[in-house]
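Please examine the sequence and the structure shown below. The paragraphs that follow lead through selected elements in turn.

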Amino acid sequence: MRLVLDTRGPKRQILAGLIELPGASRMTGVSIGADALRWLTAVRDTDGSLRVHAHGSIPLPHDTISSGVIRDTEALSDAIAEMGKACGASVVHGVLPDESAHVFALASDAMPEVAEFEIARRLGVAPERMYYDMDRTDYDSAVGVFPRALAKAYVDAFSRAGVRLSSLEIAARAAARSLAYHFEDVPVALLVDLSGSRAVISEVRHGLTVSNAVYAIEDAEDAAQSLRSEEHTSELQSH
């Protein structure tokens, strides 16, 4: 196991999270945080590689988003509209906050019916109330889950601002892809995102995010204690 701490900020994470539209030479992604919207526009060069064209951030008023839940839709829509003018994009890829997301692992050959059963068992909610998808490797399946009502609230906020979402994704997954070059020969790794008053810890197996957890922190010692938590230690020692 190797612990990876990425100190380069959200720019690379957004770039890696971009999902290309067919024929598009310019793509924009936005990471939605409690304190700001962070956006990045990439262009495709003639050799086929992606290059950062522009990036920036739009601060959000206090309590616009709390624990991943939108508290002030008008303030969020205003910020999105400002971001749209700054980046010149009418269609973007959105990276959702981790606080309302859930990721868990299943067997590599698990069927969607198993995922729905586990959503109900682990989260105590009907699968119909959640959006979920499954990613697979030869070793695991990973299920990413996000509440339907909350996802719709984010889509509505973007729509009110005149910016269309091409796709939405959980931040933990985008982060894993952004650091994929670290994981080529690493079977298990931890990603740690320290931001403001919370720490997000994600487990990545063979490049696939298989779990995430959000901890409230007040100082560095709290973050270190989260890293030493029995749950994560036992999971990692079992692989």
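Which residue of β13 is the bridge partner of L191? The model to be consulted is a predicted one. In it, strand β12, formed by residues 188-195, runs antiparallel to β13, and eight bridges join the two. Within this pairing, L191 has S202 of β13 as its bridge partner.

Strand β13 comprises residues 198-205, and eight of its eight residues are buried, so the strand is largely enclosed by the rest of the structure. In a regular strand, side chains alternate between the two faces of the sheet. In β13 both faces are covered. One side carries R198, V200, S202 and V204, the other carries A199, I201, E203 and R205, and all of these residues are buried.

β13 also pairs with strand β14, residues 208-216, in the antiparallel sense and over eight bridges. Here V204 stands opposite T209 of β14. The hairpin of these two strands has two residues between them, and H206 adopts a positive phi near 50°.

At the N-terminal end, α2 is capped by D72, which places a side-chain oxygen 3.3 Å from the backbone nitrogen of E74. The buried residues of the helix are A75, L76, S77, A79, I80, M83, G84 and C87. After α2 comes G88, with a positive phi near 70°.

Notes:
Residues are numbered from 1 along each chain as its sequence is written. This is a predicted model: local features need pLDDT of at least 70, side-chain atom pairs count only at pLDDT 80 or more; totals for chains, interfaces and linings use all residues. Side-chain values use heavy atoms; hydrogens and water are left out. Buried means under 20% relative accessible area, exposed over 50%, partly exposed in between (1.4 Å probe, protein chains only). Helices (H or I, at least four residues) and strands (E, at least two) are DSSP runs, numbered from the N terminus. A polar contact is a pair of N or O atoms within 3.5 Å; within protein, one must be able to donate a hydrogen and the other to accept it, and residues adjacent in sequence count only if both atoms are side-chain atoms. Two strands pair if DSSP finds at least two bridges between them.
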